[in-house]
Amino acid sequence: MLTSINHIGIAVSDLETSKNLYKSLFNISSFHEEIVESQKVSIASFSLNGILIELTAPISEDSPIAQFIQKKGEGIHHIAFTSNTIQDDLDKAESNGIQLIQKTPIQGAHEMLIAFLHPKSTGGVLMEFCQHSSEL
Ligand code: ZN
């Protein structure tokens, strides 16, 4: 079951510039920083009342984020929903005709398993399901 918004992914070309912007807007003392090899990105995130804002910069030209920025520029990239039964939720989405980018979850940031739904079948919104590894 999908239970809440987990994070909002924002595509940025330069993590330091973006961190400074968010520092100037919010009272952030520190960011969680991590490299996610599966997506070839470097992230910096902070929590706003339990919802993460995830700044995501490419670390390689063939990163999906690099391709996104090339096509559309920086901006909101995806919305991620917390699931407590990620494989069931993916199977259910697929059986409802939604095209999945990952049919089985892959390793994401924050020790979560993640999978993306294709925006072609979700009204142009790139959605991600995620579930913490410790809950599986
Ligand atoms: Zn995400």
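## Zinc site

In this predicted model, a zinc ion is coordinated by His7 through NE2, His78 through NE2 and Glu128 through OE, at 1.9 to 2.1 Å. Along the chain, the donors follow the spacing H-x70-H-x49-E. Histidine 7 belongs to strand E1 (residues 2-11) and glutamate 128 to strand E8 (residues 127-132), so this pair ties together parts of the chain that are 121 residues apart in sequence. Histidine 7 and glutamate 128 are both buried.

## Salt bridges: overview

Side chains of opposite charge can pair when their charged atoms come close. With a cut-off of 4 Å between a side-chain nitrogen of Lys or Arg and a carboxyl oxygen of Asp or Glu, the count for this model comes to 4 salt bridges. The pairs described below are among them.

Glutamate 16 and lysine 19 form a salt bridge in which the closest N and O atoms are 3.3 Å apart. The two residues are 3 positions apart in helix H1 (residues 15-25), and therefore about one helical turn separates them. Glutamate 16 is partly exposed, its relative accessible area being 45%, whereas lysine 19 counts as buried at 8% relative accessibility. The latter assignment follows because buried means under 20% relative accessible area.

The pair also belongs to a network of salt bridges that links Glu16, Lys19 and Glu33.

## A bridge between two loops

Lysine 40 and aspartate 62 meet through their side chains in a salt bridge, with an N to O distance of 2.9 Å. Lysine 40 is found in the loop between strand E2 (32-36) and strand E3 (41-48), and aspartate 62 in the loop between strand E4 (51-58) and helix H2 (64-72); the pair therefore ties together parts that are 22 residues apart in sequence.

Both partners fall in the partly exposed class: lysine 40 has a relative accessible area of 32%, and aspartate 62 has a relative accessibility of 42%.

## The bridge from glutamate 94 to lysine 103

A further salt bridge joins glutamate 94 to lysine 103, with 2.5 Å between the closest N and O atoms. Glutamate 94 is partly exposed, with a relative accessible area of 32%. Lysine 103, at 51%, is exposed; the assignment holds because the exposed class begins over 50% relative accessible area.

Conventions: Residues are numbered from 1 along each chain as its sequence is written. This is a predicted model: local features need pLDDT of at least 70, side-chain atom pairs count only at pLDDT 80 or more; totals for chains, interfaces and linings use all residues. Side-chain values use heavy atoms; hydrogens and water are left out. Helices (H or I, at least four residues) and strands (E, at least two) are DSSP runs, numbered from the N terminus. Buried means under 20% relative accessible area, exposed over 50%, partly exposed in between (1.4 Å probe, protein chains only). Donors are N, O and S atoms within 2.8 Å of the metal (3.2 Å for Na, K and Ca); water is not among the atoms, so sites may look incomplete.
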